[in-house]
Amino acid sequence: MKTASKPAVPPPTTVRPVEAPRPGPQRPPLRRRLADQSRAYAFLIGGLLCFALFSWYPAIRAVVIAFQKYTPGAEAEWVGTENFTRVFDDPEFTAAWRNTLTFTLLALLIGFAVPFVMALVLNELRHAKAFFRVVVYLPVMIPPVVSALLWKWFYDPGAGLANEALRFLHLPTSNWSNGADTALVSLVIVATWANLGGTVLIYLAALQSIPGELYEAAELDGANIWQRVRHVTIPQTRFIILMLMLLQIIATMQIFTEPFVITGGGPENSTVTVLYLIYKYAFLYNDFGGACALSVMLLVLLSAFSALYLKLTSSGGEDS
């Protein structure tokens, strides 16, 4: 007889233990989060309070005083637009705005082109780059008043270094800051020298961010130095150029230290600027209403340039 074969028993299967899910990153306790946030908000509130106290409050207060007859220690009296009318009728008002706009234009022609050219030269240097960058940036580290006093001695028509150098070269001397025709240009040179370093370093950073392949391709196409600057350098840095141009306009329209220290607004009101006229109204004429009226006019104009600057920077240069 045939015996029935036993059914094949399947091999035992190994059961793998199910791994427990790994715990995710645990959030810090609520008390610790509140403590961290409270410290952050404390620093933020402190900064905002300082900014409000020393920036916003004076600006708002100046707008209010522009419509008042205000004398320290006396009760203010509302006069409407009388301060603006009186300032408009002042002959120095026209001279101050003309000098300020002329100074801004000359600063763009001289103080805007010179740093760009110097940045191009420094970018092409192969040796002693660090030394020349320090030399270029050195005037920025000199206090503005000290710098103005040095240039006042430099421009002295008698024993000043400028005229001594011209005499040594057998060239005609100049009145520099003492001449009505040359005083404003002399101040532009001072301002350009004093603010040269920061602008040059910004241009250098922009130039070094340009890909080298673009210059190599231009050289292979036979482009000379001027063509490389025109077709590669300027298009690649046009956003930085525009930003610095707007910032320079905002800064040069607030020129005060150089005319105050070097020329005192003279000769013949040829270097009276808007900010210097504001100083004269407030501290020489004791007319704080007129000073604040001038300040409001300057504030409106600078706010327009600031809004344009913020619009361009927020768009990231896409519109340029």
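**Helices in contact**

Author: Happy to! On the α3 side, E92, F93, A96, W97 and T100 make contact with V274, L277 and K280 of α14. By class, that contact has 5 nonpolar, 1 polar and 2 charged residues. Keep in mind that this is a predicted model.

Reader: How do the axes of α3 and α14 cross, and within what distance do they come?

Author: They cross at roughly 145° and come within 8 Å. Helix α14 covers residues 274-284.

Reader: And what about α3 and α4, at what angle do their axes cross?

Author: Those axes cross at roughly 15° and come within 5 Å. An angle under 35 degrees counts as roughly parallel, so α3 and α4 are roughly parallel to each other.

Reader: Which residues make that contact?

Author: From α3 you have L108, L109 and I110, and from α4 there are A113, V114 and P115. The residues of this contact divide into 6 nonpolar, no polar and no charged.

Reader: Nice. Changing topic: which residues of α12 are buried?

Author: I241, M243, L244, L246, Q248, I249, I250 and T252 are buried in α12.

Reader: What covers them?

Author: The cover includes α3 (91-110) and α4 (113-124), together with α9 (196-208), α11 (225-236) and α15 (288-314). 

Reader: How far apart are the end C-alpha atoms of α12, and what should the helix span?

Author: The end C-alpha atoms are 21 Å apart. Helix α12 runs over residues 238-252, and at 1.5 Å a residue its 15 residues should span 21 Å, so the two agree.

Reader: Now cysteines. How many disulfides does the count come to?

Author: The count comes to 0 disulfides.

Reader: Is C292 buried or exposed?

Author: C292 has a relative accessible area of 11%, and the cut-off for buried is under 20%, so C292 is buried.

Reader: And why does C50 count as partly exposed?

Author: Because its relative accessibility is 45%, which lies between the 20% limit for buried and the 50% limit for exposed.

Reader: Last one, the whole chain: how many helices and strands does it have?

Author: The protein chain has 15 helices and 2 strands. Of its 320 residues, 33% are buried. As for contacts between residues at least 6 apart in sequence, 66% join residues at least 24 apart.

Definitions and conventions: Residues are numbered from 1 along each chain as its sequence is written. This is a predicted model: local features need pLDDT of at least 70, side-chain atom pairs count only at pLDDT 80 or more; totals for chains, interfaces and linings use all residues. Side-chain values use heavy atoms; hydrogens and water are left out. Helices (H or I, at least four residues) and strands (E, at least two) are DSSP runs, numbered from the N terminus. The expected span of a helix is 1.5 Å times one less than its number of residues. Buried means under 20% relative accessible area, exposed over 50%, partly exposed in between (1.4 Å probe, protein chains only). Contact means heavy atoms within 4.5 Å. Axes are lines fitted to C-alpha atoms, for helices over the stretch in contact, and angles run from 0 to 180 degrees between N-to-C directions. Angles under 35 degrees count as roughly parallel, over 145 as roughly antiparallel, 65 to 115 as roughly perpendicular and the rest as oblique. Ala, Val, Leu, Ile, Met, Phe, Trp, Tyr, Cys and Pro count as nonpolar, Asp, Glu, Lys and Arg as charged, and the others, Gly among them, as polar. A disulfide is a pair of cysteine sulfur atoms within 2.5 Å.
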